[in-house]
Amino acid sequence: MRATRSCLRRCSPSWTSALQRACGYVALTSLLRLVQSDHSAVQRHRPTVVECLREPDGSLSRRALELSLALVNSSNVRAMTQELQGFLESCPPDLQADCASGILLAAERFAPTKRWHIDTTLRVLMTAGTHVRDDAVANLTQLIGGAQELHAYSVRRLYSALAEDISQQPLVQVAAWCIGEYGDLLLEGSCEETEPLQVEEEEVLALLERVLQSHMSLPATRGYALTALMKLSTRLRGDNNRIRQVVSVYGSCLDVELQQRAVEYNTLFRKYDHMRAAILEKIPLVERGGSQADEEAKESKETAQLSEAAPVPTEPQASKLLDLLDLLDGPSGDAQHPPPLDPTPGGALIHLLNLPCAPPPPAPIPNLKVFEREGLQLNLSFVRPPGTRTLLLITVTATNTSGGDVTHFICQAAVPKSFQLQLQAPSGDTVPAQGGLPTTQLLRILNPKKAPLRLKLRLTYNHFGQSVQEIFEVNNLPVETWQ
């Protein structure tokens, strides 16, 4: 331990030789191993470890980041998070994802208050929004929805952040969702917890239109903005003609998902206007308890051990969570390849006679059963919209034929980095017994390179009084899902 302290002193920015940097790396690695067994002893070196974050050597700063994240606890979370956020603003791009995910995980585990949790997450989204975990948007909307006393505060903070920058897509998505849900609070005078903010209805609508028209907005982001406009049609007191016009424009959008959404909203205006207020009312969200969040954080540490790349035994929890989210980055030897297309006699005859022939409709993709245990069964069904062949819609259907309900059911997914994954909210978190109404969840996967699809699923639920967790990889997806 004494030798480690001596080496650690030498890794300050003034020591620049290769030998001294190597000594500092060894010291940080030793402390990282020691932190698992003697956390309090390593805490004494926290100021020096934080100082090593600013080392120009990438290997040193990465190791210092891992050790800093491992040192975060409930007593120092405010100070450590502030240091890590300062590092996030200036760290190299290859460390931003690790740092952002580590801060979000630490905030979820040790947040002293909900407001601090919201502020911390917002700052991460504003700084490194493109590098955050895939579930950051869902987690923040869940957090805001469950904190009723902070709805006015959150919508004002997000509106101000969105007005300054619309390039960070996760931030824009959360802001659009929050404005759509609580836009009426945005227009109601001042909030005690924020500076006075005078916003007019036209300004809110103009900001959402700016998001829709921006070339930086992803299709999913435009979907959030369009839905927010529709929700504001029931929350604002002014005329809805402007919202109608915007929605009607996107009824002919090239993006199939956005076009379908706009057509449905137009129909809601024309045929079911008397039901619009009821359909677009605020979404009730179940508040996540602290104990459940702590349990999920503990589970994430255990789950990360199943990463394809073998982790270092003393790797901190934040880095392990990143491994969970990047489970499918590496190449796989058993990836499927499309079979050669043999010409059929009918096709050859049509080609010989040079007769015009409309292409046959695509054959339905067969369903796939991917999990079964004690009566709980998980099936995947697939749809590829004709207008967007790079988009795959997967419906996850959970059924239960056992004698006891499956409760607290959560399905999480991960895909390789070359794909884009969006998880929609599930229909519920309980799968009723005796073949009751199934629970469904939609996965939207964008495959621009048409690469073979691999999917990793994590299931957590309670069944017959026992907590169950299953992690498995689905490699036998039909070739029609990506070919």
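A residue is called buried when its relative accessible area is under 20%, exposed when over 50%, and partly exposed in between, using a 1.4 Å probe and protein chains only. Keep that in mind as we walk through this predicted model, in which local features need pLDDT of at least 70, side-chain atom pairs count only at pLDDT 80 or more, and totals for chains, interfaces and linings use all residues. Residues are numbered from 1 along each chain as its sequence is written, and side-chain values use heavy atoms, with hydrogens and water left out.

Let's start at Gly404. Its relative accessibility is 13%, so Gly404 counts as buried. You will find Gly404 in the loop between strand 3 (391-400) and strand 4 (406-414); helices (H or I, at least four residues) and strands (E, at least two) are DSSP runs, numbered from the N terminus. Not counting residues up to four places away in sequence, Gly404 touches Ala433, His463 and Phe464, where contact means heavy atoms within 4.5 Å. Gly465 is 61 residues away along the chain, yet the C-alpha atoms of Gly404 and Gly465 are separated by 9.4 Å.

Strand 7 (residues 455-463) and strand 8 pair in the antiparallel sense over 9 bridges, and Thr460 has Gln469 in strand 8 as its bridge partner.

Now turn to helix 6 (residues 77-90). Which residues of helix 6 are buried? They are Val77, Met80, Thr81, Leu84, Gln85, Phe87 and Leu88. Seen down the helix axis, these buried residues fall within an arc of 160 degrees, so they line one face of helix 6; the arc is that of the directions from the helix axis to the C-beta atoms. An α-helix has 3.6 residues a turn, so residues three or four places apart point the same way. The face of helix 6 turned away from its buried side carries the exposed residues Gln82 and Ser90. The buried residues pack against helix 4 (46-52), helix 5 (58-71), helix 7 (93-110) and helix 8 (114-128).

Finally, look inside. A nonpolar core is a set of buried Ala, Val, Leu, Ile, Met, Phe, Trp, Tyr and Cys residues joined through side-chain atoms within 4.5 Å. The largest has 89 residues, and Leu67 and Ile144 have the most contacts inside it. Helix 11 (residues 169-186) gives the most to this core, with 11 residues.

Terms used: Two strands pair if DSSP finds at least two bridges between them.
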